[in-house]
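Please look over the sequence and the model below before reading on.

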Amino acid sequence: MQNDNIKSMKLYNFIDRIYNELRELGKANSGSLSVNELSSFDQLHYHGTQAIDFAIKKLNINHKSKILEIGSGLGGPARYLAKKTGANITAVELQEDHHDAAVYLTKRCNLDSKVEHICGDFLQLEFPKNHYTVLVSWLALYHIPNRKKLLNNCIDILKPDGHLYVEDFAFFKPFDDNEKIELSNDFFANYLVSLSQYETDLKEAGFSKIFIEDMTSSWSKFTKDRYKNYQDNIDRHTRVHNEIIVQNMLYFYSFAMRYLSGGKLAGIRASAKK
Ligand SMILES: C[S@@+](CC[C@H](N)C(=O)[O-])C[C@H]1O[C@@H](n2cnc3c(N)ncnc32)[C@H](O)[C@@H]1O
């Protein structure tokens, strides 16, 4: 499953979508923005801010927490975490266009003193050791090929007793060659393993108190509703964006729906303690 072009995954094309949505809000170029008015388009995972609320509760995130997010996308989760809890967040994002949009949105939400955006590959960047109380990641780890290095880096930068919390993909049954190619192109999947291997990787890296929850049926339902909702509002989306962007999004939403209801792809949330 090796493909070096992340833009083959259609969710990541057309960053213009974000600026089109701002124009639709009547806030194209200036004025402050609120975290809530962005949440219908700046959360690139399942169940939007509800998923972030779950993590806040589970990890008891508060204003004293020092958080690093791996694969922060447009910065939606990081801004929501900062606004809701007062925590400081370092948000690491690989794609420059997503990072730039995230910096822009965070500034307009007046959260730039709480959220620091860093552009780069988490595996290649240096962070202070024994520093963060919580590492979080929503649907980014399966993009990153070297799980051993990834988890070792996580252990290094977490404080003793710090926690890792992730939403991610794994598999129930191995994929055939065609599926591997599709998942590589359309999901930029670079690390998909069985649920038991997922747990073993965490243990071998030195994590304890590992808890893994199967989210597949919940995410499958979410992707079905999302697809239907997008279809039902196709006129609105075509007006705000354009035909090409709409077809692009429908392709991606349909792909996610097909794999999450296919019986092989597993959606999980996992937490573990250093
Ligand atoms: C599905 S998006 C989720 C974004 C964000 N977590 C959210 O839920 O809104 C996953 C993000 O991980 C980023 N990513 C993938 N590999 C990465 C890496 N090695 N380092 C940093 N970010 C990475 C991608 O560019 C993408 O924006």
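Which residue in β7 is the bridge partner of D214? In this predicted model, the partner of D214 is I268, which lies in β7. The two strands concerned, β6 and β7, run antiparallel and are joined by five bridges, with β7 covering residues 265–273.

This pair belongs to an open sheet of seven strands, whose order is β3-β2-β1-β4-β5-β7-β6 and whose pairing is mixed. Because β3 (115–119) and β6 (208–214) each have a single partner strand, they stand at the edges, and one side of each is left without a neighbour in the sheet. From one strand to the next, the twist averages 15°. Helix α9, made of residues 216–232, packs on the sheet, where it touches β5 (158–171), β6 and β7, and the direction of α9 makes about 125° with that of β7.

The other theme is empty space. Rolling a probe the size of a water molecule over the atoms shows where such space is left. Counting cavities of 30 Å³ or more gives three, and the largest cavity holds about 50 Å³ of space. Its lining draws at least two residues from each of α6 (147–157), β5, α8 (195–205) and β7, and β7 gives the most, with three residues. Among the residues that line the largest cavity are R147, L164, Y198, A270, S271 and A272.

Technical notes:
Residues are numbered from 1 along each chain as its sequence is written. This is a predicted model: local features need pLDDT of at least 70, side-chain atom pairs count only at pLDDT 80 or more; totals for chains, interfaces and linings use all residues. Side-chain values use heavy atoms; hydrogens and water are left out. Two strands pair if DSSP finds at least two bridges between them. Helices (H or I, at least four residues) and strands (E, at least two) are DSSP runs, numbered from the N terminus. Axes are lines fitted to C-alpha atoms, for helices over the stretch in contact, and angles run from 0 to 180 degrees between N-to-C directions. Contact means heavy atoms within 4.5 Å. On a 1 Å grid over the protein atoms alone, a cavity is a set of points where a 1.4 Å probe fits but cannot get out, and a pocket is an open set with protein on both sides within 12 Å along at least five of seven lines; lining residues have an atom within 4 Å of a point. Grid points are joined across faces, edges and corners, and a volume is the space filled by probe spheres set on the points.
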